[in-house]
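Please study the sequence and the structure before reading the solutions.

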Amino acid sequence: MTPPDWAVKFRRPGTELRRVNDALYKLYECSSVYDKGKKRARKITGKYLGSITEAGGFKESRKRIMEREIEGLRSGKPAEVAEPRIGEVKEYGLSGYILKEQKPCIDRLKTIFPEAWSRIVSLAYCRLRFQSPMRRVAGDFADSFLSYKIGTRGLSANTLSGFLHDLGTHRDKITEFMRSYIDPHDNIIFDGTDQLSASRCMDYPQLTKTKKGAFDTAVNIMWIFNCAKHLPVYYRLMPGSIKDVSAFKVCVEDSGMRNGVAIIDKGFQSASNIEKLDELGIKFIMSLKRSTKGLDYSIFASRTNEGADGAFLYHKRPIWWKRFEIDGHEVFLYLDEAHRSDESEDYMRRVFNPDMEGYTMENYKAKALQFGTLALMTTSGKDAEHVYLDYKTRGDVEQAIDAFKNIIEADHSYMQDEKSLEAWTFICLLALQWYYDLSERLKNAELSNKFAPMDMVRSLSRVRTVRVANKWIPAEVMKKDRQLVEAAGLDITPDSGIL
């Protein structure tokens, strides 16, 4: 049957038409080769190019569009952004923050990932704003002004699947990016967390005891937090069953640390772990369990703390301290009297609560001297006050892990191979760094007691821009959103010159 003229006009050399029904034809690439056996030319049908209808004309296949987008990304060809429609509205606040305030981050990504940076930024944006699964990234990102500036190529779910795998194979480049945020001589905080995963295609997920106290299949993530920058700067994925400090050496060398001090929680306390830290030559500050042998709490028995070696102020509260030596290591025992009072009061409430078992006056008397105390073992060579101040920065990394799990919603993963999981964790790290930058802005503006960083994300996301007369102009902004954004020192005026 001869194809109709409305279909034939789309046929060009090297292609062929195939009839599906009277209203639909499909266009394929076509070529021929000489078949020596049959002694004649043989037709070879190539890629599917698209469909043709009389009403709609030629519609290119999604796969071909995707392949062309990927070719453009790999060649470094600038994104072809469609001319915005008059009256088109896009989210601007969060996009503008990323384009302006996170420009150093974007510049690093451009240098290290010249072919992938735009998709990395797009994924991190969607992770921070929406916690988008892969199938929704393209639609969610299209709402942003960022999509107008860097394009939307390569964001379909099928494309992203291959992209994450390819990105995850470049752990060397990911590490190069992370090292750019690390001061080799700064204090760092080590901590591990678990990430639930039910994948049977990876070796990382292992049955282990999670932070919640239950046994589950999980991946272990080792984190490094930079104390000077107040940022999570490094991660390393490990099998869920690895919980000791044997991973520290690789992390230290991989991250480029030199003379920094590792600040470690009491969860890592054991004679073998301490011995291993000494063998590795890693300077550390480690909190000790209150039951550690060699700690003498009787020095704080008197009202005047006569047994103490000294005191200093922390947040306008006196902190008393005493130096010990345990197993050849320097240990400082601290007393925060305000904290002692709080712990004592809380314990006594439990004593008088009939529903609370195991809390008795006898136990209270046995534990009373330990209330409000903190013991730190250190090889840093610093004095008691600086050891205490360094350790108190641990609260930042605990908040970072909490945000990673509950705000960025990365407490579980559906990735099916190690490479994709590597890339996905890197995307989450970027989103977490932006989140923490917003958190620091709120602290500097003295607004952190009223607003959380995600309040800032939501306020920024409600700042929109409208296309009018070939330019972007600010849309109306609610008063409370404007006040919060401007108080944090952010500009919400669209600037066509950015990036």
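**Exercise 1.** How many nonpolar, polar and charged residues does the lining of the second largest cavity have?

*Solution.* The model is predicted: local features need pLDDT of at least 70 and side-chain atom pairs count only at pLDDT 80 or more, while totals for chains, interfaces and linings use all residues. Residues are numbered from 1 along each chain as its sequence is written, and side-chain values use heavy atoms, with hydrogens and water left out.

Step 1. A cavity is a set of points, on a 1 Å grid over the protein atoms alone, where a 1.4 Å probe fits but cannot get out; lining residues have an atom within 4 Å of a point.

Step 2. The second largest cavity is lined by Gly-96, Tyr-97, Lys-100, Glu-101, Leu-490 and Asp-491.

Step 3. Ala, Val, Leu, Ile, Met, Phe, Trp, Tyr, Cys and Pro count as nonpolar, Asp, Glu, Lys and Arg as charged, and the others, Gly among them, as polar. The lining of the second largest cavity therefore has 2 nonpolar, 1 polar and 3 charged residues.

**Exercise 2.** Determine which helices each supply at least two residues of the lining of the largest cavity.

*Solution.* Step 1. There are 2 cavities of 30 Å³ or more. The largest has a volume of about 50 Å³, where a volume is the space filled by probe spheres set on grid points joined across faces, edges and corners.

Step 1. Its lining includes Leu-123, Cys-126, Arg-127 and Trp-424.

Step 2. Helices (H or I, at least four residues) and strands (E, at least two) are DSSP runs, numbered from the N terminus. Helix H5 (117–129) and helix H16 (418–444) each supply at least two lining residues; the largest share, 3 residues, comes from H5.

**Exercise 3.** Describe the order and pairing of the open sheet of 4 strands.

*Solution.* Step 1. Two strands pair if DSSP finds at least two bridges between them. The order is E1-E2-E3-E4, with antiparallel pairing.

Step 1. Strand E1 (15–21) and strand E4 (57–60) are the edge strands, each pairing on one side only.

Step 2. E1 and strand E2 (residues 24–35) are joined by 6 bridges. Glu-16 stands opposite Tyr-28 in E2.

**Exercise 4.** State how H9 and H16 are oriented to each other.

*Solution.* Step 1. Axes are lines fitted to C-alpha atoms, for helices over the stretch in contact, and angles run from 0 to 180 degrees between N-to-C directions. Helix H9 (residues 171–179) packs with H16 at an angle of about 15°, their axes 11 Å apart.

Step 1. Angles under 35 degrees count as roughly parallel, so H9 and H16 are roughly parallel to each other.

How values were computed
1 Å grid on protein atoms, 1.4 Å probe; cavity = no way out; pocket = protein on both sides within 12 Å on 5 of 7 lines; lining within 4 Å. Parallel < 35°, antiparallel > 145°, perpendicular 65-115°, else oblique.
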